[in-house]
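Biologist: I have not seen this one before. Can you walk me through it?

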Amino acid sequence: MDHHSVGIVSPHTAQFSEPLQFSCGETLGAYELVYETYGELNAAASNAILICHALSGHHHAAGFHSTEDRKPGWWDTCIWPGKPIDTTRFFVVSLNNLGGCHGSTGPTSINPSTGQPWGPDFPQVRVEDWVDAQARLADYLGIDCWAAIIGGSLGGMQAMTWALRYPERLRHCVVIAAAMKLSAQNIAFNEIARRAILSDPGFADGHYLAVGTQPTQGLALARMVGHITYLSDDAMANRFGRELQPQDSGDSGSATPQFQVESYLRYQGTQFSSVFDANTYLLMTRALDHFDLTAGSGGDAVAAFRGASCKFLVLSFSTDWRFAPARSREIVDALLAAQRPVSYAEILADEGHDAFLLPIPRYLDVFRAYLSRVET
Amino acid sequence: MRQDLTHILRWIKPGARVLDLGCADGEFLALLREQRKAVVTGIEIDPDAITAALARGLDVVEQDLDGGLANLPDQSFDTVVMAHALQAVHYPDQVLDEMLRVGREGIVTFPNFGQWRCRLHLATRGRMPVSRFMPYSWYDTPNIHFCTVRDFESLCRQRGIRILGRDMIGTETGGARLARRWPNLFATTAIYHISR
(Lines give C-alpha, C1' and ligand atoms only; values in the text may rest on other atoms or scores of the structure.)
Protein backbone atom coordinates (compact mmCIF):
# COMPACT_ATOMS: atom_id res chain seq x y z
CA MET A 1 0.00 0.00 0.00
CA ASP A 2 1.31 3.41 -1.01
CA HIS A 3 1.59 5.67 2.05
CA HIS A 4 1.20 8.80 -0.12
CA SER A 5 -2.51 8.27 -0.15
CA VAL A 6 -5.52 9.06 1.99
CA GLY A 7 -5.19 5.54 3.42
CA ILE A 8 -8.04 3.11 3.95
CA VAL A 9 -11.42 4.40 2.82
CA SER A 10 -14.85 2.84 2.58
CA PRO A 11 -17.84 3.61 0.41
CA HIS A 12 -21.19 4.78 1.75
CA THR A 13 -24.63 4.46 0.24
CA ALA A 14 -27.23 7.24 0.23
CA GLN A 15 -30.85 6.22 -0.42
CA PHE A 16 -33.28 8.59 -2.06
CA SER A 17 -37.02 8.02 -2.09
CA GLU A 18 -38.12 11.23 -3.80
CA PRO A 19 -38.55 10.39 -7.51
CA LEU A 20 -36.05 11.91 -9.94
CA GLN A 21 -37.33 12.97 -13.33
CA PHE A 22 -34.82 12.46 -16.13
CA SER A 23 -34.57 14.89 -19.02
CA CYS A 24 -35.81 12.11 -21.35
CA GLY A 25 -39.14 12.28 -19.47
CA GLU A 26 -38.82 9.01 -17.56
CA THR A 27 -38.82 8.96 -13.78
CA LEU A 28 -36.76 6.91 -11.39
CA GLY A 29 -38.90 6.30 -8.30
CA ALA A 30 -36.24 5.52 -5.73
CA TYR A 31 -32.51 5.15 -6.17
CA GLU A 32 -29.20 4.79 -4.39
CA LEU A 33 -25.95 6.64 -4.86
CA VAL A 34 -22.72 5.14 -3.62
CA TYR A 35 -20.02 7.62 -2.65
CA GLU A 36 -16.80 8.08 -0.71
CA THR A 37 -15.57 11.06 1.28
CA TYR A 38 -12.04 12.10 2.22
CA GLY A 39 -11.20 14.72 4.85
CA GLU A 40 -13.55 16.42 7.30
CA LEU A 41 -16.52 18.66 6.54
CA ASN A 42 -16.09 21.88 8.55
CA ALA A 43 -18.82 23.32 10.78
CA ALA A 44 -19.93 25.84 8.14
CA ALA A 45 -20.01 23.08 5.48
CA SER A 46 -17.98 25.45 3.29
CA ASN A 47 -14.97 23.28 2.45
CA ALA A 48 -16.59 20.60 0.30
CA ILE A 49 -15.27 19.62 -3.12
CA LEU A 50 -17.23 17.41 -5.48
CA ILE A 51 -15.33 15.11 -7.84
CA CYS A 52 -17.21 14.16 -11.02
CA HIS A 53 -16.01 11.01 -12.72
CA ALA A 54 -15.39 10.31 -16.40
CA LEU A 55 -16.80 7.64 -18.70
CA SER A 56 -15.64 4.52 -16.90
CA GLY A 57 -14.97 6.06 -13.49
CA HIS A 58 -16.66 5.55 -10.14
CA HIS A 59 -16.75 6.72 -6.54
CA HIS A 60 -13.42 5.22 -5.52
CA ALA A 61 -11.18 8.20 -6.38
CA ALA A 62 -8.52 7.97 -3.68
CA GLY A 63 -7.09 5.72 -1.02
CA PHE A 64 -7.38 1.94 -0.68
CA HIS A 65 -10.31 -0.24 0.31
CA SER A 66 -8.06 -2.65 2.19
CA THR A 67 -4.41 -3.22 2.97
CA GLU A 68 -4.40 -5.92 0.28
CA ASP A 69 -5.41 -3.47 -2.49
CA ARG A 70 -2.65 -3.17 -5.06
CA LYS A 71 -4.01 -0.01 -6.68
CA PRO A 72 -5.41 3.13 -5.05
CA GLY A 73 -8.47 5.04 -6.30
CA TRP A 74 -8.42 6.40 -9.85
CA TRP A 75 -7.39 9.98 -8.95
CA ASP A 76 -5.07 9.28 -6.06
CA THR A 77 -2.38 11.38 -7.81
CA CYS A 78 -4.43 14.51 -7.10
CA ILE A 79 -6.22 13.80 -3.81
CA TRP A 80 -4.25 13.62 -0.56
CA PRO A 81 -2.75 15.92 2.09
CA GLY A 82 -0.27 18.05 0.16
CA LYS A 83 -1.63 17.03 -3.23
CA PRO A 84 -3.64 19.58 -5.24
CA ILE A 85 -6.96 18.53 -3.70
CA ASP A 86 -5.60 18.66 -0.18
CA THR A 87 -7.72 16.59 2.19
CA THR A 88 -6.40 18.46 5.23
CA ARG A 89 -8.23 21.54 3.91
CA PHE A 90 -11.08 20.09 1.91
CA PHE A 91 -13.88 17.60 2.43
CA VAL A 92 -13.87 15.66 -0.82
CA VAL A 93 -16.95 13.84 -2.10
CA SER A 94 -16.75 11.37 -4.97
CA LEU A 95 -19.72 9.38 -6.18
CA ASN A 96 -20.69 6.79 -8.75
CA ASN A 97 -23.18 8.37 -11.15
CA LEU A 98 -26.68 7.09 -11.78
CA GLY A 99 -26.67 4.40 -14.43
CA GLY A 100 -23.23 3.29 -13.26
CA CYS A 101 -22.20 -0.22 -12.38
CA HIS A 102 -20.23 0.27 -9.19
CA GLY A 103 -23.05 0.40 -6.65
CA SER A 104 -25.26 3.33 -7.63
CA THR A 105 -28.63 2.48 -9.17
CA GLY A 106 -28.08 1.44 -12.77
CA PRO A 107 -28.78 -1.24 -15.37
CA THR A 108 -27.53 -4.03 -13.09
CA SER A 109 -29.92 -2.97 -10.27
CA ILE A 110 -33.31 -4.59 -9.86
CA ASN A 111 -36.20 -2.80 -11.56
CA PRO A 112 -38.87 -2.79 -8.81
CA SER A 113 -41.70 -3.06 -11.34
CA THR A 114 -40.40 -6.32 -12.88
CA GLY A 115 -38.21 -7.84 -10.18
CA GLN A 116 -35.55 -8.30 -12.86
CA PRO A 117 -32.37 -6.28 -13.55
CA TRP A 118 -33.12 -3.04 -15.42
CA GLY A 119 -30.77 -4.07 -18.22
CA PRO A 120 -31.47 -2.12 -21.39
CA ASP A 121 -34.64 -0.59 -19.91
CA PHE A 122 -32.82 1.72 -17.52
CA PRO A 123 -33.87 5.30 -18.42
CA GLN A 124 -31.50 7.06 -20.81
CA VAL A 125 -29.62 9.33 -18.45
CA ARG A 126 -28.11 12.68 -19.54
CA VAL A 127 -25.36 14.76 -17.95
CA GLU A 128 -28.04 17.11 -16.54
CA ASP A 129 -29.68 14.17 -14.76
CA TRP A 130 -26.38 13.19 -13.15
CA VAL A 131 -25.96 16.74 -11.95
CA ASP A 132 -29.51 16.79 -10.54
CA ALA A 133 -28.78 13.55 -8.67
CA GLN A 134 -25.48 15.02 -7.41
CA ALA A 135 -27.42 18.06 -6.13
CA ARG A 136 -29.64 15.70 -4.15
CA LEU A 137 -26.53 14.08 -2.70
CA ALA A 138 -25.29 17.57 -1.72
CA ASP A 139 -28.60 18.17 0.10
CA TYR A 140 -28.27 14.81 1.81
CA LEU A 141 -24.74 15.69 3.00
CA GLY A 142 -25.81 19.18 4.15
CA ILE A 143 -23.75 21.02 1.54
CA ASP A 144 -25.49 24.14 0.19
CA CYS A 145 -22.56 25.42 -1.79
CA TRP A 146 -19.51 23.50 -2.98
CA ALA A 147 -16.14 25.21 -2.53
CA ALA A 148 -15.30 23.63 -5.90
CA ILE A 149 -16.60 21.10 -8.36
CA ILE A 150 -13.87 19.34 -10.30
CA GLY A 151 -13.93 16.92 -13.19
CA GLY A 152 -11.81 15.60 -16.03
CA SER A 153 -13.20 14.65 -19.45
CA LEU A 154 -16.89 13.74 -19.04
CA GLY A 155 -16.44 14.85 -15.41
CA GLY A 156 -15.52 18.34 -16.62
CA MET A 157 -18.79 18.42 -18.55
CA GLN A 158 -20.68 17.71 -15.32
CA ALA A 159 -18.75 20.47 -13.53
CA MET A 160 -19.67 22.99 -16.25
CA THR A 161 -23.29 21.83 -16.16
CA TRP A 162 -23.36 22.53 -12.42
CA ALA A 163 -22.10 26.07 -13.09
CA LEU A 164 -25.05 26.75 -15.41
CA ARG A 165 -27.76 24.67 -13.70
CA TYR A 166 -27.03 25.49 -10.06
CA PRO A 167 -24.94 28.68 -10.30
CA GLU A 168 -25.44 29.55 -6.63
CA ARG A 169 -24.25 26.15 -5.44
CA LEU A 170 -20.54 26.30 -6.36
CA ARG A 171 -17.76 28.88 -5.99
CA HIS A 172 -15.15 27.32 -8.28
CA CYS A 173 -15.43 25.08 -11.32
CA VAL A 174 -12.38 23.13 -12.50
CA VAL A 175 -12.72 21.72 -16.02
CA ILE A 176 -9.91 19.41 -17.14
CA ALA A 177 -9.46 17.95 -20.65
CA ALA A 178 -13.12 18.49 -21.52
CA ALA A 179 -15.25 20.11 -24.24
CA MET A 180 -18.59 21.91 -24.52
CA LYS A 181 -19.81 19.22 -26.89
CA LEU A 182 -18.45 16.22 -28.75
CA SER A 183 -17.18 16.39 -32.30
CA ALA A 184 -18.43 14.07 -35.04
CA GLN A 185 -15.14 12.18 -34.70
CA ASN A 186 -15.72 11.68 -30.95
CA ILE A 187 -19.23 10.37 -31.61
CA ALA A 188 -17.92 8.11 -34.39
CA PHE A 189 -15.50 6.39 -32.01
CA ASN A 190 -18.28 5.94 -29.44
CA GLU A 191 -20.48 4.43 -32.13
CA ILE A 192 -17.83 1.81 -32.98
CA ALA A 193 -17.67 0.96 -29.29
CA ARG A 194 -21.45 0.58 -29.11
CA ARG A 195 -21.60 -1.52 -32.28
CA ALA A 196 -18.98 -3.84 -30.82
CA ILE A 197 -21.20 -4.43 -27.78
CA LEU A 198 -24.51 -4.64 -29.66
CA SER A 199 -23.18 -7.15 -32.18
CA ASP A 200 -21.82 -9.53 -29.55
CA PRO A 201 -24.22 -12.55 -29.45
CA GLY A 202 -23.81 -12.58 -25.67
CA PHE A 203 -25.46 -9.14 -25.49
CA ALA A 204 -28.91 -10.71 -25.95
CA ASP A 205 -30.53 -7.35 -26.68
CA GLY A 206 -29.26 -6.10 -23.36
CA HIS A 207 -30.90 -8.87 -21.32
CA TYR A 208 -27.63 -10.78 -20.79
CA LEU A 209 -28.01 -10.81 -16.99
CA ALA A 210 -31.46 -12.39 -17.24
CA VAL A 211 -30.38 -15.02 -19.78
CA GLY A 212 -27.02 -15.67 -18.11
CA THR A 213 -24.62 -14.58 -20.88
CA GLN A 214 -22.09 -11.72 -21.09
CA PRO A 215 -21.05 -9.60 -24.11
CA THR A 216 -17.46 -9.92 -22.96
CA GLN A 217 -15.88 -9.77 -26.41
CA GLY A 218 -17.93 -6.77 -27.45
CA LEU A 219 -17.21 -4.83 -24.29
CA ALA A 220 -13.49 -5.65 -24.56
CA LEU A 221 -13.46 -4.41 -28.16
CA ALA A 222 -15.30 -1.25 -27.12
CA ARG A 223 -12.67 -0.57 -24.50
CA MET A 224 -9.82 -1.23 -26.94
CA VAL A 225 -11.19 1.40 -29.33
CA GLY A 226 -11.73 3.85 -26.47
CA HIS A 227 -8.29 3.21 -25.09
CA ILE A 228 -6.61 4.18 -28.37
CA THR A 229 -8.31 7.57 -28.18
CA TYR A 230 -7.05 8.12 -24.62
CA LEU A 231 -3.40 7.78 -25.66
CA SER A 232 -1.37 9.92 -28.02
CA ASP A 233 0.64 8.63 -30.96
CA ASP A 234 3.81 9.61 -29.06
CA ALA A 235 2.67 7.86 -25.89
CA MET A 236 2.09 4.64 -27.81
CA ALA A 237 5.38 4.99 -29.67
CA ASN A 238 7.30 5.55 -26.45
CA ARG A 239 5.60 2.74 -24.63
CA PHE A 240 5.39 0.03 -27.29
CA GLY A 241 7.03 1.25 -30.47
CA ARG A 242 7.03 -1.67 -32.89
CA GLU A 243 8.28 -4.11 -30.29
CA LEU A 244 7.19 -7.67 -30.92
CA GLN A 245 5.72 -10.03 -28.39
CA PRO A 246 8.15 -12.70 -27.20
CA GLN A 247 7.33 -15.78 -29.31
CA ASP A 248 7.58 -19.29 -27.93
CA SER A 249 7.12 -22.34 -30.16
CA GLY A 250 6.87 -20.32 -33.40
CA ASP A 251 3.14 -19.76 -32.95
CA SER A 252 2.50 -16.73 -35.14
CA GLY A 253 -1.03 -17.33 -36.33
CA SER A 254 -2.90 -14.18 -37.21
CA ALA A 255 -5.07 -14.51 -34.10
CA THR A 256 -2.06 -14.36 -31.79
CA PRO A 257 -0.92 -10.91 -30.71
CA GLN A 258 2.34 -10.21 -32.52
CA PHE A 259 3.13 -6.67 -31.41
CA GLN A 260 3.26 -5.56 -27.80
CA VAL A 261 0.65 -2.89 -28.42
CA GLU A 262 -1.83 -5.60 -29.48
CA SER A 263 -1.21 -7.56 -26.35
CA TYR A 264 -1.59 -4.43 -24.24
CA LEU A 265 -4.91 -3.48 -25.83
CA ARG A 266 -6.24 -7.02 -25.42
CA TYR A 267 -5.25 -7.01 -21.79
CA GLN A 268 -6.96 -3.65 -21.21
CA GLY A 269 -10.08 -4.86 -23.00
CA THR A 270 -10.26 -8.12 -21.09
CA GLN A 271 -9.67 -6.46 -17.72
CA PHE A 272 -12.34 -3.87 -18.40
CA SER A 273 -14.93 -6.34 -19.63
CA SER A 274 -14.56 -8.35 -16.44
CA VAL A 275 -15.51 -5.40 -14.19
CA PHE A 276 -17.75 -3.13 -16.27
CA ASP A 277 -21.36 -3.47 -17.36
CA ALA A 278 -22.13 -3.26 -21.07
CA ASN A 279 -25.47 -1.49 -20.63
CA THR A 280 -23.77 1.12 -18.46
CA TYR A 281 -21.17 1.62 -21.21
CA LEU A 282 -23.95 2.21 -23.73
CA LEU A 283 -25.73 4.65 -21.40
CA MET A 284 -22.57 6.60 -20.58
CA THR A 285 -21.40 6.93 -24.19
CA ARG A 286 -24.89 8.10 -25.19
CA ALA A 287 -24.89 10.69 -22.40
CA LEU A 288 -21.48 11.83 -23.63
CA ASP A 289 -22.57 12.05 -27.28
CA HIS A 290 -25.70 14.05 -26.48
CA PHE A 291 -23.99 16.44 -24.11
CA ASP A 292 -24.17 20.02 -25.40
CA LEU A 293 -23.53 22.75 -22.86
CA THR A 294 -24.97 25.35 -25.21
CA ALA A 295 -28.20 23.50 -26.07
CA GLY A 296 -30.19 25.67 -23.66
CA SER A 297 -28.89 28.91 -25.18
CA GLY A 298 -29.38 28.21 -28.87
CA GLY A 299 -25.77 27.17 -29.37
CA ASP A 300 -24.41 30.43 -27.94
CA ALA A 301 -21.66 29.52 -25.47
CA VAL A 302 -21.14 33.11 -24.35
CA ALA A 303 -24.82 33.49 -23.50
CA ALA A 304 -24.72 30.14 -21.68
CA PHE A 305 -21.80 31.16 -19.47
CA ARG A 306 -23.38 34.53 -18.61
CA GLY A 307 -25.60 32.46 -16.32
CA ALA A 308 -22.62 31.20 -14.33
CA SER A 309 -21.42 32.99 -11.22
CA CYS A 310 -18.45 30.86 -10.14
CA LYS A 311 -14.78 31.18 -11.07
CA PHE A 312 -13.23 28.77 -13.55
CA LEU A 313 -9.98 26.93 -14.06
CA VAL A 314 -9.66 25.20 -17.42
CA LEU A 315 -6.79 22.81 -18.17
CA SER A 316 -5.84 20.94 -21.32
CA PHE A 317 -2.99 18.68 -22.43
CA SER A 318 -0.92 19.30 -25.54
CA THR A 319 -1.22 15.82 -27.08
CA ASP A 320 -4.85 15.14 -26.11
CA TRP A 321 -6.69 14.53 -29.37
CA ARG A 322 -9.89 13.19 -27.83
CA PHE A 323 -10.64 16.56 -26.21
CA ALA A 324 -7.91 18.67 -27.74
CA PRO A 325 -6.59 21.96 -26.30
CA ALA A 326 -8.64 23.77 -28.97
CA ARG A 327 -11.85 22.49 -27.29
CA SER A 328 -10.67 23.87 -23.95
CA ARG A 329 -9.80 27.17 -25.63
CA GLU A 330 -13.40 27.41 -26.83
CA ILE A 331 -14.52 27.16 -23.21
CA VAL A 332 -11.98 29.78 -22.11
CA ASP A 333 -12.83 32.18 -24.93
CA ALA A 334 -16.56 31.91 -24.21
CA LEU A 335 -15.88 32.60 -20.51
CA LEU A 336 -13.68 35.60 -21.35
CA ALA A 337 -16.34 36.97 -23.69
CA ALA A 338 -18.98 36.41 -20.99
CA GLN A 339 -16.67 38.33 -18.60
CA ARG A 340 -16.42 35.43 -16.20
CA PRO A 341 -13.24 34.93 -14.14
CA VAL A 342 -11.16 32.22 -15.80
CA SER A 343 -7.65 30.82 -15.68
CA TYR A 344 -6.26 28.50 -18.31
CA ALA A 345 -3.13 26.43 -18.83
CA GLU A 346 -2.19 24.05 -21.59
CA ILE A 347 0.03 21.42 -20.05
CA LEU A 348 2.82 20.05 -22.23
CA ALA A 349 2.42 16.27 -21.89
CA ASP A 350 3.06 13.27 -24.12
CA GLU A 351 0.35 11.09 -22.62
CA GLY A 352 -2.69 12.28 -24.56
CA HIS A 353 -6.12 12.40 -22.91
CA ASP A 354 -4.99 10.06 -20.13
CA ALA A 355 -2.62 12.79 -18.90
CA PHE A 356 -5.35 14.14 -16.61
CA LEU A 357 -4.96 11.05 -14.44
CA LEU A 358 -1.15 11.15 -14.29
CA PRO A 359 1.32 12.88 -11.96
CA ILE A 360 2.70 15.42 -14.45
CA PRO A 361 4.65 17.99 -12.43
CA ARG A 362 3.38 21.15 -14.14
CA TYR A 363 -0.20 19.87 -14.08
CA LEU A 364 -0.04 19.28 -10.33
CA ASP A 365 1.70 22.65 -9.76
CA VAL A 366 -0.93 24.62 -11.66
CA PHE A 367 -3.78 22.67 -10.09
CA ARG A 368 -2.36 23.19 -6.58
CA ALA A 369 -1.62 26.89 -7.20
CA TYR A 370 -5.21 27.47 -8.30
CA LEU A 371 -6.85 25.52 -5.47
CA SER A 372 -4.78 27.41 -2.87
CA ARG A 373 -7.13 30.38 -3.49
CA VAL A 374 -10.26 28.38 -2.79
CA GLU A 375 -11.43 29.51 0.62
CA THR A 376 -12.71 26.93 3.04
CA MET B 1 8.19 46.56 -7.82
CA ARG B 2 9.59 47.80 -11.12
CA GLN B 3 9.50 51.57 -11.34
CA ASP B 4 7.50 51.68 -14.56
CA LEU B 5 4.69 49.73 -12.91
CA THR B 6 4.20 52.11 -9.99
CA HIS B 7 3.99 54.98 -12.50
CA ILE B 8 1.14 53.25 -14.32
CA LEU B 9 -1.07 52.88 -11.24
CA ARG B 10 -2.44 56.43 -11.33
CA TRP B 11 -3.88 55.88 -14.81
CA ILE B 12 -6.06 52.99 -13.65
CA LYS B 13 -9.48 53.95 -12.34
CA PRO B 14 -10.80 52.24 -9.21
CA GLY B 15 -12.76 49.09 -10.00
CA ALA B 16 -11.57 49.03 -13.63
CA ARG B 17 -11.46 45.83 -15.68
CA VAL B 18 -7.81 45.44 -16.57
CA LEU B 19 -6.05 43.01 -18.92
CA ASP B 20 -2.29 42.64 -18.62
CA LEU B 21 -0.56 41.31 -21.75
CA GLY B 22 2.50 39.42 -20.60
CA CYS B 23 1.65 39.64 -16.91
CA ALA B 24 4.71 37.61 -15.78
CA ASP B 25 4.26 36.45 -12.18
CA GLY B 26 1.34 38.85 -11.68
CA GLU B 27 3.12 41.28 -9.34
CA PHE B 28 1.56 44.30 -11.03
CA LEU B 29 -1.92 42.79 -11.29
CA ALA B 30 -1.81 41.94 -7.60
CA LEU B 31 -0.92 45.57 -6.88
CA LEU B 32 -3.78 46.80 -9.07
CA ARG B 33 -6.22 44.48 -7.37
CA GLU B 34 -5.11 45.64 -3.95
CA GLN B 35 -4.72 49.38 -4.54
CA ARG B 36 -7.35 50.00 -7.22
CA LYS B 37 -9.79 47.17 -6.48
CA ALA B 38 -9.43 46.43 -10.18
CA VAL B 39 -10.88 43.28 -11.75
CA VAL B 40 -7.77 41.85 -13.34
CA THR B 41 -6.85 39.18 -15.90
CA GLY B 42 -3.40 38.30 -17.11
CA ILE B 43 -2.17 36.74 -20.33
CA GLU B 44 1.14 34.93 -20.12
CA ILE B 45 3.07 32.26 -21.96
CA ASP B 46 5.80 31.28 -19.47
CA PRO B 47 4.76 28.17 -17.47
CA ASP B 48 6.51 29.11 -14.22
CA ALA B 49 5.19 32.67 -14.35
CA ILE B 50 1.66 31.33 -14.86
CA THR B 51 1.95 29.10 -11.80
CA ALA B 52 3.33 31.99 -9.74
CA ALA B 53 0.49 34.28 -10.82
CA LEU B 54 -2.10 31.58 -10.08
CA ALA B 55 -0.60 31.13 -6.61
CA ARG B 56 -1.26 34.85 -5.99
CA GLY B 57 -4.93 34.12 -6.59
CA LEU B 58 -4.94 35.87 -9.98
CA ASP B 59 -6.76 34.83 -13.14
CA VAL B 60 -4.23 34.04 -15.83
CA VAL B 61 -4.82 32.69 -19.30
CA GLU B 62 -2.03 30.88 -21.11
CA GLN B 63 -1.85 32.49 -24.53
CA ASP B 64 0.82 33.51 -27.03
CA LEU B 65 0.54 37.23 -27.85
CA ASP B 66 2.03 36.52 -31.27
CA GLY B 67 -1.15 34.57 -32.02
CA GLY B 68 -3.18 37.77 -31.64
CA LEU B 69 -6.09 38.66 -29.39
CA ALA B 70 -8.89 37.68 -31.77
CA ASN B 71 -10.50 35.60 -29.00
CA LEU B 72 -11.25 38.73 -26.96
CA PRO B 73 -14.32 40.84 -27.81
CA ASP B 74 -14.15 44.55 -28.72
CA GLN B 75 -13.93 46.96 -25.80
CA SER B 76 -14.25 44.20 -23.22
CA PHE B 77 -11.71 45.79 -20.83
CA ASP B 78 -11.35 49.33 -19.49
CA THR B 79 -7.57 49.23 -19.75
CA VAL B 80 -5.14 46.89 -21.47
CA VAL B 81 -1.61 47.05 -20.09
CA MET B 82 1.55 45.81 -21.77
CA ALA B 83 4.66 46.37 -19.70
CA HIS B 84 8.03 45.63 -21.28
CA ALA B 85 6.58 43.23 -23.85
CA LEU B 86 6.15 45.44 -26.93
CA GLN B 87 9.77 44.86 -27.98
CA ALA B 88 9.35 41.08 -27.66
CA VAL B 89 6.37 40.47 -29.97
CA HIS B 90 6.52 39.74 -33.69
CA TYR B 91 4.14 42.52 -34.78
CA PRO B 92 4.20 45.38 -32.27
CA ASP B 93 2.02 47.59 -34.49
CA GLN B 94 -0.71 44.96 -34.72
CA VAL B 95 -0.56 44.27 -31.01
CA LEU B 96 -1.10 47.99 -30.33
CA ASP B 97 -4.11 48.01 -32.65
CA GLU B 98 -5.49 44.94 -30.92
CA MET B 99 -4.93 46.44 -27.45
CA LEU B 100 -7.08 49.40 -28.39
CA ARG B 101 -9.75 47.22 -29.94
CA VAL B 102 -10.06 45.04 -26.83
CA GLY B 103 -9.61 47.87 -24.32
CA ARG B 104 -10.90 51.43 -24.17
CA GLU B 105 -7.43 52.58 -23.12
CA GLY B 106 -3.96 51.14 -23.31
CA ILE B 107 -0.82 51.55 -21.26
CA VAL B 108 2.51 50.57 -22.80
CA THR B 109 5.99 50.59 -21.36
CA PHE B 110 9.17 49.77 -23.24
CA PRO B 111 12.93 50.25 -22.93
CA ASN B 112 14.07 53.30 -24.89
CA PHE B 113 16.77 52.26 -27.33
CA GLY B 114 17.54 55.92 -28.04
CA GLN B 115 18.92 56.45 -24.53
CA TRP B 116 22.41 57.95 -24.66
CA ARG B 117 24.16 54.89 -23.22
CA CYS B 118 22.78 52.70 -26.01
CA ARG B 119 23.86 55.25 -28.56
CA LEU B 120 27.31 55.57 -26.99
CA HIS B 121 27.73 51.83 -26.76
CA LEU B 122 26.87 51.38 -30.41
CA ALA B 123 28.87 54.45 -31.51
CA THR B 124 32.08 53.73 -29.63
CA ARG B 125 32.19 49.93 -29.53
CA GLY B 126 30.24 49.21 -32.66
CA ARG B 127 28.44 46.39 -30.80
CA MET B 128 24.81 45.90 -29.83
CA PRO B 129 24.34 47.30 -26.31
CA VAL B 130 24.28 44.85 -23.42
CA SER B 131 23.46 46.46 -20.12
CA ARG B 132 21.72 45.87 -16.82
CA PHE B 133 18.45 46.89 -18.47
CA MET B 134 18.97 44.81 -21.58
CA PRO B 135 21.14 41.95 -20.42
CA TYR B 136 20.87 39.77 -23.54
CA SER B 137 23.21 39.13 -26.43
CA TRP B 138 21.74 39.98 -29.83
CA TYR B 139 21.40 36.33 -30.88
CA ASP B 140 19.46 35.03 -27.90
CA THR B 141 17.39 38.01 -26.85
CA PRO B 142 13.61 37.88 -26.55
CA ASN B 143 13.69 41.57 -27.53
CA ILE B 144 13.37 41.53 -31.28
CA HIS B 145 11.78 44.94 -31.91
CA PHE B 146 13.64 47.63 -30.02
CA CYS B 147 12.48 51.19 -30.65
CA THR B 148 13.11 54.70 -29.40
CA VAL B 149 10.70 57.21 -27.88
CA ARG B 150 10.54 59.01 -31.23
CA ASP B 151 9.93 55.79 -33.13
CA PHE B 152 6.99 54.97 -30.88
CA GLU B 153 5.38 58.38 -31.17
CA SER B 154 5.82 58.29 -34.91
CA LEU B 155 4.03 54.92 -35.05
CA CYS B 156 1.20 56.35 -32.91
CA ARG B 157 0.78 59.24 -35.37
CA GLN B 158 0.74 56.86 -38.34
CA ARG B 159 -1.85 54.62 -36.69
CA GLY B 160 -4.07 57.39 -35.37
CA ILE B 161 -3.35 56.46 -31.77
CA ARG B 162 -3.87 59.28 -29.26
CA ILE B 163 -1.30 59.77 -26.54
CA LEU B 164 -3.26 60.62 -23.39
CA GLY B 165 -0.20 60.88 -21.21
CA ARG B 166 3.42 59.87 -21.03
CA ASP B 167 5.99 59.42 -18.34
CA MET B 168 9.68 58.70 -18.52
CA ILE B 169 12.07 56.92 -16.22
CA GLY B 170 15.75 57.90 -16.21
CA THR B 171 18.84 56.65 -14.45
CA GLU B 172 18.92 56.73 -10.65
CA THR B 173 21.22 59.74 -10.28
CA GLY B 174 19.19 62.80 -11.20
CA GLY B 175 18.07 61.09 -14.38
CA ALA B 176 14.36 61.64 -13.80
CA ARG B 177 14.41 65.34 -14.64
CA LEU B 178 16.60 64.85 -17.70
CA ALA B 179 14.42 61.97 -18.87
CA ARG B 180 11.29 64.12 -18.76
CA ARG B 181 13.01 67.03 -20.48
CA TRP B 182 14.79 65.09 -23.23
CA PRO B 183 13.15 61.65 -23.18
CA ASN B 184 14.63 60.26 -26.36
CA LEU B 185 18.14 60.83 -25.06
CA PHE B 186 17.76 60.22 -21.33
CA ALA B 187 14.77 57.94 -20.67
CA THR B 188 15.68 54.32 -19.95
CA THR B 189 11.99 53.33 -19.90
CA ALA B 190 9.12 55.07 -21.66
CA ILE B 191 5.53 54.81 -20.37
CA TYR B 192 2.58 55.75 -22.54
CA HIS B 193 -1.12 56.05 -21.85
CA ILE B 194 -2.93 55.71 -25.18
CA SER B 195 -6.36 55.44 -26.76
CA ARG B 196 -8.04 55.71 -30.15
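Predicted model: local features only at pLDDT ≥ 70, side-chain atom pairs only at ≥ 80, totals over all residues.

Biologist: Ok. Into which domains is chain A divided?

Modeller: Domain 1 of chain A covers 12–181 + 292–371, and domain 2 covers 187–285. Those bounds come from an automatic or database domain assignment. The C-alpha centres of domain 1 and domain 2 of chain A are 26 Å apart.

Biologist: How many residues are in contact between domain 1 and domain 2 of chain A?

Modeller: 23 residues of domain 1 are in contact with 18 residues of domain 2 in chain A. Contact means that the C-beta atoms of two residues, placed from the backbone, lie within 7 Å. On the domain 1 side of chain A there are eight nonpolar, eleven polar and four charged residues. Here Ala, Val, Leu, Ile, Met, Phe, Trp, Tyr, Cys and Pro count as nonpolar, Asp, Glu, Lys and Arg as charged, and the others, Gly among them, as polar.

Biologist: And the core? Which residues touch the most other members?

Modeller: The largest nonpolar core has 162 residues, and those touching the most other members are A:Ile49, A:Trp146, A:Ala148, A:Ile149, A:Ala159, A:Cys173 and A:Val175. Domain 1 and domain 2 of chain A both give residues to this core, so it lies between them. A nonpolar core is a set of buried Ala, Val, Leu, Ile, Met, Phe, Trp, Tyr and Cys residues joined through C-beta atoms within 7 Å. A residue is buried if 20 or more other C-beta atoms lie within 10 Å of its own, exposed if 12 or fewer, and partly exposed in between, with C-beta atoms placed from the backbone.

Biologist: What is A:Cys173 in contact with?

Modeller: Leaving aside neighbours within four places in sequence, the partners of A:Cys173 include A:Ile149, A:Ala159, A:Trp162 and A:Phe312.

Biologist: Switching to helices. At what angle do H1 and H2 of chain A pack?

Modeller: About 70°, with the axes of H1 (residues 127–141) and H2 (residues 154–165) of chain A 9 Å apart. That makes H1(A) roughly perpendicular to H2(A), a label for angles of 65 to 115 degrees. H1(A) brings A:Val127, A:Glu128, A:Trp130 and A:Val131 to the contact, and H2(A) brings A:Met157, A:Gln158, A:Thr161, A:Trp162 and A:Arg165. Helices (H or I, at least four residues) and strands (E, at least two) are DSSP runs, numbered from the N terminus. The axes are lines fitted to C-alpha atoms, for helices over the stretch in contact, and angles run from 0 to 180 degrees between N-to-C directions.

Biologist: How many residues does each chain put into the contact between A and B?

Modeller: Chain A gives 18 residues and chain B gives 14. Helix H10 (325–337), strand E12 (342–347) and helix H11 (361–371) of chain A each supply at least two residues to the chain A side.

Biologist: Last topic. Is A:Trp74 buried or exposed?

Modeller: Buried, with 21 other C-beta atoms within 10 Å. A:Trp74 lies in the loop between strand E5 (48–52) and strand E6 (91–95) of chain A.

Biologist: What about A:Asp205, buried or exposed?

Modeller: A:Asp205 counts as exposed, with 9 C-beta neighbours inside 10 Å. Phi of A:Asp205 is near 55°, a positive value in a residue other than glycine.

Technical notes
Residues numbered from 1 in each chain as written. Chains lettered and ligands numbered in written order. Parallel < 35°, antiparallel > 145°, perpendicular 65-115°, else oblique.
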